[in-house]
Amino acid sequence: MKVETPRDLALRVLNGLSRRPGFSAAALDDLFRSASSLAERDRALISQLVQGVVRWRMRLDWTIREAADVPLKKISFSVLNLLRLALYQILFLDRIPESAAVNEAVKQAKKGQPAYVVSFVNAVLRNICRRKNEIPFPDNGKSPVEYLSVFYSYPEWLVRKWIREWGSEFAEALLEAQNRIPGLTVRSNALKIHRDDLRHRFETESGVVGTPTRYSPQGVRLADFRGRVDRNKAFQDGLFQVQDEAAQLTSILLSPVAGERILDLCAGYGGKTTHLAELMGDQGKVIALDMNGTRLVSLATNAVRLGIRSAAGVVADASGDLSSLFRVRFDRIVVDAPCSGLGVISRHPDGKWNKKEEDIPRLARLQKAILNSGCSLLRRGGALLYVTCTLSREENEDIVGACLAENKNMVPLDLRDRAPVWARDLIDDRGFLRTFPHRHHMDGFFGALLRKK
């Protein structure tokens, strides 16, 4: 029986994604479940290779096109993925010698390709190794959109959109920042431990230095964390939750109070649900609503780990009429609506290719329906936070404007007057939360706080 190397397994995942486009993180999870005996080092390499190829796919394909003597469309997806895999190592991984990357690719080709394909793979990769600093890119002066698209590996529609909305310099900085591999950020569980004590425990038990996040008072950055989070003793003891700093800020801005009824629409796996419960001292009720029952099962398991009893899940469609489901009205509601995810591309590089420009109007209609549903469930005087992890104005400011036009009993609250002092520079001149990866070193989020009269 042939033993598959980490590169073979990475190639298998990439080929699977070519046959059935999806999300690389889910494909990796499936692989790791089926190959549970894989060493942590091999898991890390496979993840790095797959995510790296997805992240830099357009630049890799451009380089292959410049070096090969046949059009890219005539190369089968299995051979193209093999070339991408080797080329990613050559261009972006300093610790892997070029010769090793080429030799391993040739070995992989020999396992299932005819001799002429093996020769082709070898020739293309060696040509690139000789000329990698001479490969021409599109002319930035004549074709700036094409240049930025190829050099930073993004679809042209997205580059054009960001230039139109933010300007060329801002857009390029954003493109560059979202190609960085993000570090691990966690939220200390205020019900069980103080952030400083959690940092001390990381250092004494794992040798990992935790740095306090700049804004969130519960956040810790773990730049050198290795291995699986779920195997960490502090995680198993419920002392922290993996959550980016921007997501942590949204729950804090909603300002929940002990004893209140809170509704988390589109709760997902419950990062905000559990944080809201922690902020209330686990006194009150947090209802987590989501269409996916499997997510809510994971949320319930996670709540037990964190020592939270005030959270409960409800399976329902947030875009529909929920008046018959809930007889009471809620003190505070967070609407974390499905969005294009253009602010979290660094974590989910598939988003570059899985989202299309025409998806944004469709998502905007869904967001509007969910936000209107949330408004109907809010008590008079209650507060609602609308939040997304995207940078698209059609899904952010425009949705808030449409909601206010349709719901005359809702008024916007200026977060400049309500945010903690330490968060004031994250609020724009219209009173909205705005975080950008290249400016704030966290995910790109938008947040708007509304109140019912």
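1. In this predicted model, strands E2 and E3 (residues 219–222) run antiparallel to each other and are joined over two bridges. Within this part of the sheet, Thr-211 lies opposite Arg-221 of E3.

2. The pair belongs to an open sheet of four strands, ordered E2-E3-E1-E4, with antiparallel pairing. Its edges are E2 (211–212) and E4 (240–242), each of which pairs on one side only. Strands of a sheet pair through backbone hydrogen bonds, in either a parallel or an antiparallel sense.

3. Two helices that pack on the sheet deserve a mention. Helix H13 (residues 245–254) touches strand E1 (184–188) and E3, and its direction makes about 25° with that of E1. Helix H15 (residues 293–306) also packs on the sheet, where its contacts are with E1 and E4. The direction of H15 makes about 150° with that of E4.

4. On the cysteines: a search of the whole structure finds zero disulfides. Cys-266 is buried, with 16% relative accessible area.

5. Cys-403 is likewise in no disulfide. The nearest cysteine sulfur belongs to Cys-375 and is 3.5 Å away, whereas a disulfide calls for sulfur atoms within 2.5 Å. Is Cys-403 buried or exposed? Its relative accessibility is 1%, so Cys-403 counts as buried.

How values were computed
Residues are numbered from 1 along each chain as its sequence is written. This is a predicted model: local features need pLDDT of at least 70, side-chain atom pairs count only at pLDDT 80 or more; totals for chains, interfaces and linings use all residues. Side-chain values use heavy atoms; hydrogens and water are left out. Two strands pair if DSSP finds at least two bridges between them. Contact means heavy atoms within 4.5 Å. Axes are lines fitted to C-alpha atoms, for helices over the stretch in contact, and angles run from 0 to 180 degrees between N-to-C directions. Buried means under 20% relative accessible area, exposed over 50%, partly exposed in between (1.4 Å probe, protein chains only).
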